[in-house]
Amino acid sequence: MSCPFNEEQLSQLKAFVEICKAQPQILQHPKLSFFRDYLVTLGVILPDVSQESKEFAASGDNANADVKAEVSTEEESEPESDLELDMEGVISDTSEANQDMGDDSKEVTDEDRDLSDQKRSEAMQAFSEQKYDEAIALYTEAIKLNSQSALLFAKRGQVFLKQNKLHACIKDCTKALELNCDSAAAYKFRGRAYSLLGKFEEASHDLCESLKIDYDDQANEWFSLVKPNAEKLRQHKLSIQRKKEEKEHREKLRRARKAQEARAKAAQEQAQSQSQSQAGFRPGGPPGMGSFDSADFYKLLSDPEIFAALKIYTFLLTNEKPLCLICLKTITVQKEYNVKRHYDSEHKAKFASLAGDLRKNKINALKSAVKKQQNVFKVQAQNNESSVRASLRVAEILAKSGRPFTDSELVKQCVLAMAEEVCPDQKQKFENLCLSARTCTRRTEDLGNNLFQQLLEKGKQFEWFSLALDESEDVSDTAQLLIFVRGIDKNFNVCEELLQLCSLKDTTTGQDLFCNLEQAMASMKLPWGKLVSVTTDGGKNMSGQNKGLIGRIKSKIEDIGCDIPLFFHCIVHQEALCCKVLAWKEIMDIVISTVNYIRKNGLTHRQFQQFLSELKADHGDVLYYSEVRWLSRGAVLKRFFDLRKEINIFMKEKGKLVPELTDPQWLTELGFLTDLTHELNTLNVRLQGKNKLISDMHTDVKAFQIKIKLFIKHIDESKFDHFPNCKKAAEEAGINLHLKIDKIKDILIQIQNQFSHRFSDFEKVSSKLKIFANPFLCDIEDVPSNLQMNVIDLQCNDTLKNSFYEINDLVKFYSSLPSDFDELKRFAQQLITVFGSTYLCEQTFSILNYRKNKYASRLTDEHLKAILRISTTNLKTDIQKIASQIQPQTSH
């Protein structure tokens, strides 16, 4: 019979027999148990196990020891201890929740809503007087009238909570959340009811949701009471789940171990049957074996560190996973058994013959090859990431300049053209840039999201904040609501950013605007209690005191028990409305009709421009008048007055006589109107701009009101020093103006009255603004009591007084005050956040109309929001962070 073993296997077998002869205790090694059992079946009597061999056997197979310890641990595991909870304050409620929930199918009319609001006010009064049964009855009547109001159910739930009717409270609050999933009050009261019933996990969830929607000190206090018990319950459930998983894992290991033992036993039996068929082994050393040290083989079997060294030599740890240096495969489960099994099954037959320096050299060569390959991928990854950064910067530039996404493809063509001329050897790098329109769109979204995340982080630090809102329609007739926020942190860092762009597809009532505002504040987790002021335009849906946005904000603030914020009508809008009294129809009609005649016909317009060029006039053309543009009237009048003589000559040549152009009284009134609109335009420009403090804007308005008083006085005295154009026209005509001043004086008085009426809301806070603008000049009797001590200390401190005038910056001055002036600093923080106007909204609408035009009317709301956020932000986009989160793609 032929031998089933090759020469190498026979050599190893003979060497093993020689070792067994020299050191028979090696047969006691656990890994040789199969051979020992085989010898026993043949009737071989093995030598007694010495103390040394016992220690050897005991230190052998760590895996078996681990399994035994694991089984022992499982058998000796103690039963779970009882969970101890703090049940103080927990009560039992045996009452039934059978309150009237209203009729959901009923159509609620405006009359029903008004009656329901009246009942709600009566119920709130009864609740404040602790007449809980009466309050419940009134709330129930209100619910019958308007069963679609989540607030009514939440408020009635609050009364039930006071009466410890916890199940009724939970039922009402659950209904409120069905109607409005963002009702902080419903979550708050239901969470408290759950906590009193001992349902701590449900209570923790509800109170946490309430705090997320709208922070409240009482809700936070209740949450802190239930949080320890809820955490204990959570940890208890996790412990049970963990033990269950560990038990399943041990069972899985046990089954795997049994299967492995069965396979090993089958292999043993197969090897035994093959060995029995052989005639025997011939003693002697095999050819080519060389000098084989039995001590080394003994060490290989007995010392587990040798097997660990085997893993180090053939595997490299990369990305926290073992990487085989030979086949470059990774091992998922980081266990020595898995690594060794991979080596034995895949590479041992080929690499087992390598030993000593030869093996080390081979391993080092494999390591070098792997690292070289990794470096190639690393360089490529760096190139790809720089391509992503480049595409992000291009998208940011296009968004800020108001260019369409498709312009990114044009940018790439320009870059490639420049690369061909400047650095043709580097052109391939630019060709790999992905600047398609779709890529530019995604990059713009990424930039917008990054800016919003930065705003979220800053919002967490706000001590106080204010809002500015305005609404307008875009080219697709979609109503767009812009919401800007200005917040300040404890270090007086001011953040003025676009909070949200809300696209209203349907109605734009006060309720619609309020819902969108509430969602915007919830998305940024801004608490209503920190709101200082709200500035809007003069629309009824915005400024309505009952059903408008302002009225609904007041109701919201009253419901949660916070201080009512300040409400302002945009100061720039107010100034523009004051100018409406300057209609002066007999002047403006002539100016507009003359300008329209010159410009409406192309030939006439060109001839007029050529005429002015030949005369070398101060201006090359007249301007169209646009009533919706605030500064248009002043610019048109100024240009018309300067060219009045040239216009008169041109109109005569055209046979279109304008007799008013030769009327001294009319020209004098034109000059006066030109001068007055110039003053109003100057004020308007001063009121515009970003990061304007309301105190500075109020100062500009007060200064103009004083100027108007001076103008009236000078008109009575026939002085026209502040009306240069009017004076010039009068001097040219040579007429006596004091006889024609009644109409001029009447116009000035009307403007004076308009300013006094329209800026009355700012006058209500003028005393606070005076203290804020210069606390060293205010009368201490006019200072609120909570600020008097701080203001007295400040006025008596010469160092701080000198600092105030040297710094000349209110924000920096108040931020530099020591902690002794906390009340004054808090007062200043609130006024710093106030928006005096909606200028930011108006400016952003200009960007919106430019970007979403008739050629790009299908621009989505999300993309438009990202573009506006990038165009208006004062923050810096974190391009490096965005690029690291994007999978690079090369251009095809």
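Tutor: A term before we start: a cavity is a set of grid points where a 1.4 Å probe fits but cannot get out. A volume is the space filled by probe spheres set on those points. Keep in mind that this is a predicted model.

Student: OK. How many cavities of 30 Å³ or more are there?
Tutor: Five of that size or above.

Student: And how much space lies in the largest cavity?
Tutor: About 70 Å³.

Student: Which residues are the closest to its centre?
Tutor: Arg-486, Gly-689, Lys-692, Phe-835 and Ser-837. They belong to a lining of 13 residues.

Student: How does that lining divide into nonpolar, polar and charged?
Tutor: Five residues are nonpolar, four are polar and four are charged.

Student: Switching to helices. At what angle do α23 and α28 cross?
Tutor: Roughly 170°, with the axes coming within 10 Å. Helix α23 covers residues 571–578, and α28 covers 664–687. An angle over 145 degrees counts as roughly antiparallel, so that is how α23 and α28 run relative to each other.

Student: Which residues meet there?
Tutor: From α23, Ile-571, Val-572 and Glu-575. From α28, Leu-680, Leu-683, Asn-684 and Leu-687. By class, this contact has five nonpolar residues, one polar and one charged.

Student: What about α24 against α28, how do they cross?
Tutor: At roughly 90°, again with axes within 10 Å. Helix α24 spans residues 585–600. The two helices are therefore roughly perpendicular.

Student: And which residues make that contact?
Tutor: On α24, Glu-586, Ile-587, Met-588, Ile-590 and Val-591. On α28, Trp-666, Glu-669, Leu-670 and Leu-673. Seven of these residues are nonpolar, none is polar and two are charged.

Student: Next pair: how do α26 and α27 cross?
Tutor: Their axes come within 4 Å and cross at roughly 70°. Helix α26 is residues 632–642 and α27 is residues 644–653. That angle makes α26 roughly perpendicular to α27.

Student: Who's touching whom?
Tutor: Phe-640, Phe-641 and Asp-642 of α26 contact α27 through Arg-644, Glu-646 and Ile-647. The class count is three nonpolar, no polar and three charged.

Student: How much helix and strand does the model have over 184–217?
Tutor: The chain there is 82% helix and 0% strand. The end C-alpha atoms of the stretch are 13 Å apart.

Methods
Residues numbered from 1 in each chain as written. Predicted model: local features only at pLDDT ≥ 70, side-chain atom pairs only at ≥ 80, totals over all residues. Heavy atoms only, no water. 1 Å grid on protein atoms, 1.4 Å probe; cavity = no way out; pocket = protein on both sides within 12 Å on 5 of 7 lines; lining within 4 Å. Nonpolar A, V, L, I, M, F, W, Y, C, P; charged D, E, K, R; others polar. Axes fitted to C-alpha atoms, helices over the stretch in contact; angles between N-to-C directions. Parallel < 35°, antiparallel > 145°, perpendicular 65-115°, else oblique. Contact = heavy atoms within 4.5 Å.
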